[in-house]
Amino acid sequence: MRNWFTGSVVVASAMAALLAAVFMPTETQAQQTKAPAFKAPRTKDGKPNFNGLWMSNGLPNWDLEPHGPGPSVDPKLGSIYAVPPSVGFVVGGTIPYKPAALEQKKKNFAARAKEDPEAKCYMGGIPRANYMPYPFQIIQGAKDIMISYEYAGAVRILNTGTPLKAPADSWMGTSNAHWEGETLVVDVTALGDQSWLDRSGNHHSDQLHVVERWTMRSPDVLMYEARIEDPETYTQPWTIRVPLYRQAEENARLLEFKCVVFAEELLYGHLRKPAGAPAVVAAPPANNGKQGKGKGKQ
Amino acid sequence: MRTQLFTSMLALAVAVAPGYAQTANAKAPAKAATGAFKAPRTPDGVPDLQGVYSNSSAVPLERPANLGAKEFYTDAEMKANADAAAARAAAAPAFPQANVVGTVADIHYDTSQFGLTRYITDAMVNKRTSIVVGETGKVPTMIPEATKRQADARALVAGHQFDGPENRGIAERCIYWGNEGPPMLPVGYNATLQIVQGPGYVGIVQEMIHDTRIIPTDGRPHASGNIRQFFGESVGHWEGDTLVVDTTNFNDQPAVGRGASRNLHVVERFTRSGPETVLYQFTVSDPSTWEKSWSGEYPIGKIDGAVYEYACQEANYGMANILSGARADEKKAAAAK
């Protein structure tokens with residue numbers, strides 16, 4: 001066989017390598033030539049100002065991993081509550097489950113209509129509360145940062161003073177925070193094991209440890225990054241990155257979403273007085289001013 | 001010192017005679033310092049109300065009938081009440097029936113098993129005879145239309161209290177606890193709240209049930225009347241060193257209860273009265289319920305510690321057990337026929 005072909009390939013490769021070295025930035029070069037990080041406006045005490053109403057685009061709450069569209073859990077609802085597609089929010093693509101944990105995830109998915117804590121009006125937990133399709137408000141005090149979530153009225157206090165030890169497990173965890181330049185780093189522990197990560201049954205154990213990094217990318221976009229570590233569930237720590245968008249509608253304010261009244265049928269419907277026996281159900285309070293006063297018999 | 005501001009709630013468990021609601025271990029009462037204390041400022045230049053507080057109180061909302069128009073105890077009466085309460089507490093065990101199987105004390109809240117006393121929050125020393133201020137110290141009587149409204153609501157579920165979750169009490173359903181208001185009133189336990197202030201907002205978390213009230217102070221108007229909420233919708237502004245909070249937009253089950261309707265209107269005032277105290281005042285009006293408005297006040301004091309998570313809905317075994325118990329009773333009654 002003549003050598004010229006191989007030689008050409010070798011030459012071509014050498015040329016390509018030469019061209020790459022000259023014209024295509026290596027990863028390091030890319031980082032060096034990237035635009036400098038956005039410098040957020042400051043609060044009066046000199047910290048990046050994250051105050052305001054924020055919300056993700058809702059997609060992570062359906063499923064953190066990349067996925068195509070899917071049906072609703074109830075075909076009678078047609079296309080409403082069908083699952084929208086998403087390129088996903090997991091750095092590296094998929095969640096590195098241990099085999100048994102992956103089996104549990106599949107069981108969760110199959111049972112999600114009844115088992116998803118969101119269906120029961122349970123608090124979202126961390127990280128999920130930060131990317132549910134309901135806004136939350138950051139009220140940034142000089143020492144404590146309050147994050148109040150519209151969904152189920154969940155709330156957490158980020159302590160930026162001397163780190164506090166968690167008194168016990170809780171749904172929203174214990175959060176100790178400090179600033180690193182433009183980024184608020186939040187160490188979240190004592191999270192228990194009952195929350196899910198999304199509506200697709202992605203789950204964790206009580207070994208969950210989350211380290212959040214909050215950084216403003218532009219005046220109206222707050223990047224939420226969370227490193228998720230749980231040696232019982234995953235083969236290694238993994239990271240999500242979720243953009244949060246400033247809520248800009250006129251009159252934007254955090255409203256009440258006390259969803260217990262929407263979850264009671266799911267939770268207790270099977271315990272109602274059986275049909276046939278006369279039953280009377282008090283009407284729910286009218287939370288929409290257009291609906292007038294609630295009265296009612298069933 | 002904080003210890004001079006607080007007293008133990010111990011005597012509440014054993015207080016029998018109305019009017020002797022004062023507690024054991026009272027130290028010298030805090031001097032009222034309304035208006036005299038210059039509150040430090042937040043970085044944004046507004047009075048700093050931030051902190052974790054107890055809003056426990058030994059003073060009842062309404063004045064005991066035998067006290068008539070008496071609005072304050074004297075120092076001598078405070079001491080006499082405290083001594084009497086201490087004597088009662090010494091004579092009775094902290095939790096009388098904790099070891100009697102099947103009693104409420106045994107099943108529920110036997111805090112002694114955790115090495116705790118019966119009451120684990122302290123209450124501010126307060127010489128008032130009632131939180132409601134004024135000559136009667138009582139919430140006004142309801143107007144006839146409101147009395148009928150309440151009676152109708154009760155009649156609707158009479159005999160059907162266990163048919164379904166909607167007919168159970170609103171706290172039992174983990175929707176809210178009535179003391180959350182507004183107005184925010186003392187409660188027997190989990191009486192803790194935290195205030196955090198950011199630019200243009202005051203946030204107040206009440207521990208039970210982890211509800212946050214967010215009060216903008218940027219002068220915006222109330223939300224559309226189409227938005228109705230259990231806690232209403234609050235807007236605030238500063239008058240000197242006082243935060244004034246105006247709340248409307250209630251739905252027809254506001255937390256203060258007592259017959260209140262969606263036309264409820266609450267105005268609250270928060271004034272830092274000392275390094276570790278805030279004077280909390282409120283006025284409640286509802287022309288669909290009371291002919292006149294009523295007002296109250298009590299001090300809240302800073303405590304060491306944090307607001308803990310009260311995850312009510314997430315662990316509401318009580319509701320499932322109550323309903324399944326009722327179904328079991330019905331089956332048993334039907335089988336007995």
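Author: A residue is buried if 20 or more other C-beta atoms lie within 10 Å of its own, and exposed if 12 or fewer do. The model under discussion is predicted.

Reader: What percentage of the residues in chain A is buried?

Author: Chain A is built with 6 helices and 9 strands. Among the contacts in chain A with a separation of 6 or more, 56% are between residues 24 or more positions apart. Of the 298 residues in chain A, the buried share is 33%.

Reader: Which residues of helix α6 of chain A are buried, and over what arc do they lie?

Author: Helix α6 of chain A covers residues 260-268, and its buried residues are A:V260, A:E264 and A:Y268. They are on the same side of α6(A), because the arc they cover around the axis is only 60°. An α-helix has 3.6 residues a turn, so residues three or four places apart point the same way. The buried residues are thus A:V260, A:E264 and A:Y268, and the arc is 60°.

Reader: Which element of chain B is included in what covers the buried residues of α6(A)?

Author: The cover over these residues includes a helix from chain B, spanning 317-336. That helix is α5 of chain B.

Reader: Which element gives the most to the side of chain B that touches chain A?

Author: The contact takes 49 residues from chain B and 49 residues from chain A. On the side of chain B, the elements that give two or more residues are α4 (144-157), β4 (192-198), β5 (201-206), β6 (211-216) and α5. By class, this side has 21 nonpolar, 18 polar and 10 charged residues. With 5 residues, the element that gives the most is α5(B).

Reader: Is B:G325 buried or exposed?

Author: B:G325 has its place in helix α5 of chain B. From B:A315, B:G325 is 10 residues away in sequence and 18 Å away in space, C-alpha to C-alpha. Because 12 other C-beta atoms lie within 10 Å, B:G325 is exposed.

Reader: Which residue takes a positive phi in the hairpin of β7(B) and β8(B)?

Author: Strands β7 (residues 233-239) and β8 (residues 242-248) of chain B run antiparallel and are joined by 7 bridges. Within this pairing, B:S234 stands opposite B:T247 in β8(B). The hairpin has 2 residues between the strands, and the residue with a positive phi near 60° is B:G240.

How values were computed
Residues are numbered from 1 along each chain as its sequence is written. Chains are lettered from A and ligands numbered from 1 in the order in which they are written. This is a predicted model: local features need pLDDT of at least 70, side-chain atom pairs count only at pLDDT 80 or more; totals for chains, interfaces and linings use all residues. Helices (H or I, at least four residues) and strands (E, at least two) are DSSP runs, numbered from the N terminus. The arc is that of the directions from the helix axis to the C-beta atoms. Two residues are in contact if their C-beta atoms, placed from the backbone, lie within 7 Å. Ala, Val, Leu, Ile, Met, Phe, Trp, Tyr, Cys and Pro count as nonpolar, Asp, Glu, Lys and Arg as charged, and the others, Gly among them, as polar. Two strands pair if DSSP finds at least two bridges between them.
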